[in-house]
Amino acid sequence: MKLKKLAAVGLVGVMLAGLTACGGNSEKANAKTADGKERKKLVIWSWGADEEKKSRETMVEAFQKAHPEIEVEHSVIPTADHVWDQKMTAALSAGTGPDVIQMSPDYYGLYTEYYEDLNPYVEKEGVDLKSVITEGMIEPYYRPDGKLEAMPLLENVFVLAYNKDMFDKFGVEYPTNDWTWDDLAENAKKFAGGEGADATYGIVNHWIDAGLSVICKGGSAYSDDLKTCEVNSQEVKDGLNLFGDLVQSKAMPDDTAAKSLPKEQLFVSGHAAMYTLGGFETKLIAEEVGDNFSWDAVSMPKVENGKNNLMYATGYAMLKTSKNKDAAWTFLKEAAYANEDMAKETSKIGLTSCKNIAETYYKDLEYGPIKNSAFLDGLSGAKLNIWGGAFSAAGDVYTQIWQSVTIDGKTAEEAMEEYYPALEKAFNEANGN
Amino acid sequence: MRKPGKQKKYTTMKKREARNFYIYTAPWLIGFLVLTLYPILYSFYLMFTNMNLTGIGEFVGLDNWKYAFTDDTLFRRAFLNTLKYVFMFVPCSIILAFFVALLLSKKVKGLGFFRTAFYIPYITSGVAVTILWGWIFQKDFGIINYILSLVGIKGPNWLGDKNVAMISIVILSLWTIGNNIIIMLAGIQDIPQSYYESAQIDGAGSLRQTFYITLPLCTPTIYFNLIVTVIAAFQVFQQPLILTNGGPLNSTYTAAMHLYNNGFLYGKMGYASMMAWSMFAVIMLITIVVVSTSKFWVFYDD
Amino acid sequence: MRTRSQKKTKQMARILTYFVLVIAAVICLFPFIWMVSTSFKPMSDIYSMPPTLIPKNGTIENFVEGWKGANFQLYFKNTAVITFLATVGTVLSSSVVAYGFARFQSRLSKILFMVLLGTMMLPTQVTLIPQYLLYYKLGMVDTIWPLIIPSWLGGGAFNIFLFIQFFRTLPKELDEAAKIDGANSLQVFTRILLPAVKPVMLAVLVMALVFNWNDFFNPLIYLNSNDKFTIAIGLQFFKGSQGNVQVGQMMSMALISLLPVLVIFATCQKYFIQGIKMSGLKG
């Protein structure tokens with residue numbers, strides 16, 4: 001009897017020992033090639049899905065081809081619903097991240113502690129970044145204290161796509177590059193009508209709208225040094241009211257909170273006349289629209305004395321824990337500007353930071369009626385995504401203001417009065433005040 | 001400490017029983033001590049710090065709690081929403097699971113088909129099907145409202161109306177209770193057939209058999225389902241995240257989402273730990289209430 | 001007269017039972033059927049108005065493109081290995097541990113039981129980082145071990161609790177009788193108690209199988225290399241960072257990925273019926 005019990009305990013023990021022993025992870029910084037030369041290992045983490053994933057993979061393949069002496073280990077991790085943030089938080093705070101990690105300048109310093117300052121590398125390289133990087137694309141990566149926390153890869157801005165057939169059918173004149181937001185609102189209302197499956201709208205509700213409401217009347221969320229919150233202004237309230245009016249008049253659907261349909265579906269199915277089209281999805285939308293209707297795009301409506309577009313940018317940072325910083329820098333600089341093959345792969349899904357390619361190869365790409373040059377033009381008026389990273393707590397409060405106006409039918413003044421104190425508090429907290 | 005043994009035989013038996021207890025529970029004990037205990041203690045400590053993402057933080061005492069109960073309006077909101085969800089979802093899921101399992105335990109034709117049908121939602125529960133549900137709930141073009149419109153009813157804005165959104169989340173969750181059904185079914189099937197046979201001889205109809213045999217003998221299973229469903233429901237996260245992201249107007253913003261946002265998006269790990277432990281406290285409280293009432297309504301064979 | 005009306009009510013009850021079952025089955029199956037239908041539709045038809053169940057321009061392109069879109073063949077293999085090891089571990093270890101809790105007592109057993117329940121109540125997100133660090137120090141990050149070891153160490157409080165609950169419904173006289181016949185505690189467990197809770201074992205098996213097959217969170221955190229990823233991660237590759245979703249491809253791959261589980265369940269559920277017969281003998 002005793003023997004069997006002992007055997008049972010032993011079995012459990014052996015099982016455990018076996019499990020733990022097999023876990024040994026042979027992690028070596030360097031591996032040897034066949035001819036005995038040391039190959040430096042470089043671990044890169046990117047995010048992405050679908051076309052984005054393919055583009056990252058082919059870009060890194062192009063890098064590997066150019067640098068056989070570096071052994072690249074590239075992982076693409078899905079990103080929707082913040083899944084990337086979970087993985088990243090675990091790896092970074094445990095100090096076990098890769099050498100190079102994708103990041104976005106709109107994190108506003110959230111992870112900056114983990115990133116190596118790149119200024120010394122740029123100095124050593126002796127390159128004038130402004131002459132090799134697409135205009136306006138390096139600036140967001142400098143922290144207010146001067147630290148260069150990453151190098152750019154690409155960015156995307158928006159154009160206003162419209163369904164010509166719907167405009168003809170409703171007898172509305174096509175949008176022009178000179179439209180203001182008031183023109184847009186006025187014309188969008190002409191499409192409102194129908195019930196259920198027959199419903200038609202002037203413009204699709206889009207996750208970018210809350211951000212646009214900040215700037216569309218010339219407002220701003222905070223000062224350029226990121227220190228002062230400026231949301232509680234007449235301009236922002238006017239912007240909010242403009243969108244509130246669009247929803248109340250049924251020119252825009254009122255389920256702004258629901259993630260029920262992929263947002264572009266209303267446009268490609270001919271139920272909404274206009275769509276804020278991002279540079280990252282041109283190919284996809286062009287395929288989906290196909291020959292169903294004729295369409296075109298103009299630049300985003302004008303804003304007097306202010307930015308009229310929002311940009312989503314992403315780049316790569318070097319982690320302080322990296323074991324191969326030279327190889328990491330080689331990758332960062334080539335992904336940003338110094339490797340045209342890589343830039344061409346990136347161009348498939350966005351405006352590359354490599355100035356040469358952006359102004360030639362990228363500019364000439366066309367998907368359906370949309371020319372990529374439109375995105376290049378939109379860049380100068382674009383502001384970096386407002387409520388990312390460190391500001392996402394403040395951004396979530398702004399979402400409440402936004403939903404109060406668009407869903408609850410409150411005026412911007414009422415909503416601002418209710419939520420602004422919380423927003424300001426969250427903003428100051430992000431600034432460490 | 002130990003009192004000198006008066007009945008030696010009794011204590012050796014006790015000793016042997018204790019030894020058996022540790023031998024058989026060893027896998028879990030080892031796992032708990034090696035893999036779970038330290039993270040739990042660590043997060044308990046974090047609760048009293050203002051730790052951020054970079055692992056920098058200092059001891060702040062009860063500041064996190066103070067902030068939660070005074071300045072953070074979302075804290076209360078998130079808990080109230082979660083309670084609302086729990087009180088809608090748990091009773092419905094228990095009753096529904098028992099009812100369906102009861103029907104499945106009858107000798108019906110196509111039993112295999114029905115069992116598989118009821119379990120399919122549980123198997124398919126993932127990102128893909130949640131996206132599908134988003135469309136099913138869509139107010140203009142969704143399938144539910146389309147079917148309603150065929151019979152002349154204008155359906156609600158399922159996910160866009162702050163008064164309806166939480167109900168939609170509950171409906172989606174109810175759809176995936178295949179697990180509860182399976183457990184209920186196992187419980188019902190564990191009831192010896194002889195009980196029913198003797199009841200039949202006594203002339204009890206099937207309704208009476210349900211109430212006097214199935215239901216009481218199934219109470220350990222119901223008890224189990226109740227506890228684990230409450231615990232799981234309190235941590236509801238994925239459905240509101242994917243369908244509404246907590247909106248509209250925070251009407252589906254749950255405690256787990258608040259924990260998640262603070263920890264992983266705002267980088268406030270200390271505050272997130274406080275959030276986790278306050279959830280723990282509430283869940284524990286409810287569980288204790290359930291456990292303490294169990295002796296009045298749960299029947300074991302021994 | 002009486003027997004006739006009884007027969008009639010019995011028949012009515014039968015019809016009612018079927019009616020309810022069929023309605024419920026339709027509700028349960030509907031999104032699944034829609035998933036099947038969507039995976040055969042081209043993108044332009046997926047959100048067509050009014051909705052059509054039978055694809056008008058049926059295509060298998062979603063399957064072809066989806067399969068190529070990510071390395072699903074490899075993901076299937078990876079997922080199968082993890083699921084197999086983790087499921088076996090869960091069934092074995094949770095039943096053993098539950099036997100300890102249900103049949104033996106020590107001074108700490110009550111407290112430990114509360115601790116066991118307590119581990120279910122603390123949201124996992126909050127222990128994620130220290131746990132990750134632990135596995136890293138054990139050299140197990142980017143291996144499948146963090147996904148399997150917990151299954152062999154109790155297999156989760158839920159499953160242990162479930163087994164405890166069912167062991168407790170079995171009269172202790174069964175154990176006593178076996179002991180008098182000379183069985184030791186392990187034999188009592190393997191020969192008397194386990195056979196008596198076969199339906200529960202199957203339930204735990206199926207649930208562990210589904211859980212591990214669909215688990216997204218743990219593989220995402222612990223696996224780094226793309227060639228170690230699982231199906232659940234692969235499905236996320238159809239959902240872009242800017243809100244675009246390849247719905248058709250996602251549905252087609254989700255459909256393929258759930259087929260193995262579906263087949264296993266459909267086969268297993270027969271043995272639930274056998275479970276009934278055994279319970280009948282037992283009483």
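Entry 1. I located Thr169(C) in helix α8 (residues 157-169) of chain C; helices (H or I, at least four residues) and strands (E, at least two) are DSSP runs, numbered from the N terminus. I note that this is a predicted model, in which local features need pLDDT of at least 70, side-chain atom pairs count only at pLDDT 80 or more, and totals for chains, interfaces and linings use all residues. Residues are numbered from 1 along each chain as its sequence is written, and chains are lettered from A and ligands numbered from 1 in the order in which they are written.

Entry 2. Is Thr169(C) buried or exposed? I found Thr169(C) to be buried, because 22 other C-beta atoms lie within 10 Å; the cut-off for buried is 20 or more such atoms within 10 Å, for exposed 12 or fewer, with partly exposed in between, and C-beta atoms are placed from the backbone. I also checked Ala102(C), which is 67 residues from Thr169(C) in sequence and 9.8 Å away in space, C-alpha to C-alpha.

Entry 3. I turned to chain A and listed 17 helices and 14 strands. The C-alpha trace of chain A spans about 85 × 65 × 50 Å along its principal axes. Of the 433 residues in chain A, 54% are buried.

Entry 4. I looked up the interface: 40 residues of chain C are in contact (C-beta atoms, placed from the backbone, within 7 Å) with 43 residues of chain A. On the side of chain C that touches chain A, α6(C) gives the most, with five residues.

Technical notes: Contact = placed C-beta atoms within 7 Å.
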